[in-house]
Amino acid sequence: MPPTASYIWRMEIRELLLTTRRIAMVGASNKPERASFRVMRFLLDRGYQVTPVNPGLAGQSILGQPVVARLADAAPLDLVDVFRRSEEAGAVMDEAVALGARAVWLQLGVVDEAAAARARAEGVAVVMDRCPAIEWAPAGLPDRVA
């Protein structure tokens, strides 16, 4: 019996998360009630190096990680995790591709099909409208990746 499309997608997410080490989180927040704060803590707890990107908080730290103002300041990049509105995500995705990121992850509710097509045409993996914290258990990932 052939695997289902959801199984294939889940395995692609699993492989992406297993081979990623450095994540830049665009739109990171220092407010514990924000999803970006909780997801950043989740990723740090699983062994990723996470660089928060937020020009308004640059020079401060979030969860012990220094905040940078620009995505370029977070390079080199494996994956860029985007907590921005859909209308702002395309510019972030284009910048991530230009900086050599191998993957871009748009969080829940964030979709930009045109930017995703541009990124995929450059060989960059794109995940949209999903959260790594939610995908973790269904993908059968270990407690820590590093």
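Trainee: Let's begin with the lining of the largest pocket: how do its residues divide into nonpolar, polar and charged?

Mentor: In this predicted model, the lining has four nonpolar residues, five polar ones and three charged ones.

Trainee: Which residues line that pocket?

Mentor: The lining is made up of G27, A28, S29, N30, K31, R34, A35, S36, N54, L57, F83 and R84. The space inside comes to about 180 Å³. K31, R34 and R84 are in the lining, and they count as charged because Lys and Arg belong to that class.

Trainee: Why are F42 and W136 called buried?

Mentor: The cut-off is under 20% relative accessible area. F42 has 16%, so it is buried, and W136 has 6%, so it is buried as well.

Trainee: And which residue forms the other pair with W136?

Mentor: That is Y48, again edge-to-face, at 6.2 Å centre to centre with 85° between the planes. Y48 is in the loop between α2 and β2 (49-53), 88 residues from W136. Its relative accessibility is 3%, so Y48 counts as buried too. Ring pairs join F42, Y48 and W136 into a cluster.

Trainee: How do you know that R46 sits over the ring of F42?

Mentor: Its charged end is 3.7 Å from the ring centre of F42, and the distance limit for such a contact is 6 Å. R46 also lies over the face of W136, 5.8 Å from that ring centre.

Trainee: One last topic, helix α4 (residues 113-121). Which of its residues are buried?

Mentor: They are A115, A116 and A119.

Trainee: Why are they said to be on the same side of α4?

Mentor: Because they cover an arc of only 100° around the axis, they fall on the same side of α4. E113 and A121 are exposed on the other side.

Note on methods. Residues numbered from 1 in each chain as written. Predicted model: local features only at pLDDT ≥ 70, side-chain atom pairs only at ≥ 80, totals over all residues. Heavy atoms only, no water. Buried < 20%, exposed > 50% of the residue type's maximum accessible area, 1.4 Å probe, protein only. Phe/Tyr/Trp six-rings, centres within 6.5 Å; stacked < 30°, edge-to-face > 60°. Helix = DSSP H or I, 4+ residues; strand = E, 2+ residues; numbered from the N terminus. Lys NZ or Arg CZ within 6 Å of the ring centre and 35° of its normal. 1 Å grid on protein atoms, 1.4 Å probe; cavity = no way out; pocket = protein on both sides within 12 Å on 5 of 7 lines; lining within 4 Å. Points joined across faces, edges and corners; volume = space filled by probe spheres on them. Arc of directions from axis to C-beta.
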